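Subject: Structure for you to look at

Hello,

Here is the structure I said I would pass on. Please open it beside this email and follow along.

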Amino acid sequence: MASYTFRFDVVQQYFGFLVSGAEITIAVTAAALSTGSVVGLVVALARMSKRRSLQLPAVAYVEVFRNTPALIQLMWFYYCLPIIAGVNLSAAIAATLALAMNGSAYVAEIIRGGIQGVDRGQIEAARTLGLTHAQTMRKVVLPQALRRMIPPFVNESVSLIKFSSLVSVLGVADLTYQAQVVSTTTFRPIEVFSFIAVVYFVLCTALSWFARRLELRLAVSD
Amino acid sequence: MSSGAVSAVPAGGSPLATAPAVMVRIEKLSKSFGTLPVLTDIDITVHQGEVVVLIGASGSGKTTLLRCVNGLETPTRGRLWVDGEAMGVFDGDGFQPLPEALLNRRRAEMGMVFQRFNLFAHMTARDNITLAPMMVKGLSRTDAESLAERLLAKVGLSDKSGAYPSRLSGGQQQRVAIARALAMSPKLMLFDEPTSALDPELIGEVLDTMKGLAEEGMTMIVVTHEMQFAREVADRILFLHQGTILEEGSPQEIFSAPREERTRAFLSRVR
C-alpha cells in the first residue's frame, strides 16, 4: 500500500464511458421516482379510504415493499415476474419498475403522513365555513400537506439514487456497472470506485440543496 | 342587554312587539361517545338577537353541545333546528346526519370561532377571510377582498391584512377568525371558549369585539369561562352539569341568587 501510485488518469481515459453510466443512473432514478410518486399517491389514497376493501390491500402493499430487501425485489421483477405473467421485460424495465414500486411504498407513507399531519382544527374551520370536503382538501389540507412532504420526499429521492446502483446486478449499464467494467479492465478499483462515490455524493447533495431552497421559498408563511 | 331578559322574550323585547323569531331550537338532544353519555335530554330555545352563554366545569358537555349545533358532532338522539331548518334527519327518536351538500349549506349560514383560532396557516389574514365567500358564495375576488378589508377594519386589524397567522398575536388571530366567520354573513355565531388559549392581556380585545357584535344584534351562543363577560353581555346563562342543563336564568339570577348548590359551588370556584 505504501508504494501505491494513484492513476487517476484512468478515470480521465474512460470519462465518457462513466458519464454514459451516470446518465443511465439519472434516467432510471427519475423514471422510478416519477412512476413511484404516481403509484404512491394512489396507494396513499387507498390507504386513507374508509373502505376496508381498499385499505387492506394498500397496507399489504406498503408492508411487503418496505419489509423485503430492494435487491430481492429487483431480482423478483426480472427473473420471476416474466414467468408468472408471461411477459418479457428487459433488465432496464424490470429494474426501473422494481425501484418504482419500492419507492412508491415509501412515497405513499410520506403522502399519508403529510395529509394526516395537518391539524384537524384546520379541516373543522373550513367545514364550518361551508366548504365541501373536496374544497377543503384542495384549498386547505393539500397546500399545507405538500409543504410538510418536501423534506421526507427529498430523503426518499436521495435514497432512490443510491438504491439505483442495485440495477447493475441485472446488467443495466448504470454508473456502478460501468465502473465495474472499467475497474476490471484497468485493475484500478480504488481510483474508479472512489470517483463514482464522489459522483453519487454530488448528485445527492445537489438534490438536497435544491430541495432546501424550494423549502425556504415556500416557508415564508411560517 | 342583560337587564330583565327572560327566555321567552330576549333583550329589548316588549310584550307588544311581535316575539322575535326562534333561531335555534333544541329538543331532547342527547349525545354519547360510545357508551359514555356526554349530553342528556337537552332542551334549549335561542331567539334571534339573543346572547346565550354556556357555563360549566370542563367535561360538562358545553363544547359538544356547541359542536352539535353546526354538525361537527352528530347527536345520538333528539331534534335540532337552526332558523327553522332541521339540522338532521329525524327518524323517530334517532338523529341521522344531513346529506353533505345540505349540511354544508346550513353550515355556511352560521359562524364558529374556536378556542385555538384555527386560522389557515398558509394564508394571509385577508385570504383567510376571502376563501369561503369566494368558494362557497361565488363572490368575485374584488368583492371578497373589499369585504375582507371592511371586516378587518371592524375588528381593528386593517394593517394586518397581508400578515400570516404565525406573525399575529393570539388575540389578533382570534379577531381575524371572527372576521372570517362574519364574512359569510352568518345568522348565528357560535363561540367555543374563544379566549381560553389567550394570554390574559389579550383577552380584552377579543371580548370587546364580541361585545360589539352582541350590541349589533347578532345571535350568539358562547361557551366561556369569562364570568365578567357573561354578566355584562349575556341575555341568558345556562349552567351545564354532567351533560344536562342544571340551571338557567338571567345573569342576575345566576350570579346573585343561584338556586342550585352545584351552580353556587361552580361559581365560587371560577370567581
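Below is what was found in it, chain by chain and then at the interface.

Please keep in mind that this is a predicted model. For the complex, the predictor gives an ipTM of 0.88 and a pTM of 0.82. Chain B has a mean pLDDT of 92, and 93% of its residues reach 70 or more. Residues 1-13 of chain B are a stretch where pLDDT stays under 50. The model has 25 contacts beyond four places in sequence for that stretch.

Chain A

Chain A has nine helices and zero strands. Read from the N terminus, its elements therefore run α-α-α-α-α-α-α-α-α. Its C-alpha atoms fill a box of roughly 75 × 50 × 25 Å along the principal axes. The chain has 222 residues, and buried residues make up 43% of them. Take the contacts in chain A between residues at least 6 apart in sequence: 75% of these join residues at least 24 apart.

The interface

The size of an interface is often given as the accessible area lost when the parts come together. Here, chain A and chain B bury about 2,100 Å² between them, and 57% of that is on carbon and sulfur atoms.

There are 11 residue pairs in polar contact between chain A and chain B, counting pairs with both residues at pLDDT 80 or more.

Three salt bridges are found across the interface of chain A and chain B. One salt bridge in the model joins Glu100(B) and Arg127(A), with the closest N and O atoms 3.1 Å apart.

Helix 1 of chain B

Is helix 1 of chain B, residues 62-69, largely enclosed or open? Seven of its eight residues are buried, so the helix is largely enclosed by the rest of the structure. The buried residues are Lys62(B), Thr64(B), Leu65(B), Leu66(B), Arg67(B), Cys68(B) and Val69(B). After the helix comes Gly71(B), which has a positive phi, near 80 degrees.

Cysteines

A search of the whole structure, over all chains, finds zero disulfides. Cys80(A) has a relative accessible area of 28%, so it is partly exposed.

Most residues other than glycine have a negative phi. Asp41(B) is not a glycine, yet its phi is positive, near 45 degrees. Asp41(B) lies in strand 2 of chain B, residues 36-47. Its relative accessibility is 36%, so Asp41(B) counts as partly exposed.

Phe117(B) also has a positive phi without being a glycine, at about 65 degrees. Where does Phe117(B) lie? It is in the loop between strand 8 (110-113) and helix 3 (125-135) of chain B. With a relative accessible area of 10%, under the 20% limit for buried, Phe117(B) is buried.

Regards

Definitions and conventions:
Residues numbered from 1 in each chain as written. Chains lettered and ligands numbered in written order. Predicted model: local features only at pLDDT ≥ 70, side-chain atom pairs only at ≥ 80, totals over all residues. Heavy atoms only, no water. pLDDT = per-residue confidence, 0-100. Contact = heavy atoms within 4.5 Å. Buried < 20%, exposed > 50% of the residue type's maximum accessible area, 1.4 Å probe, protein only. Helix = DSSP H or I, 4+ residues; strand = E, 2+ residues; numbered from the N terminus. Disulfide = S-S within 2.5 Å. Buried area = accessible area lost by both parts, 1.4 Å probe. Salt bridge = Lys/Arg side-chain N within 4 Å of Asp/Glu carboxyl O. Polar contact = N/O pair within 3.5 Å; in protein donor to acceptor, adjacent residues only side chain to side chain.
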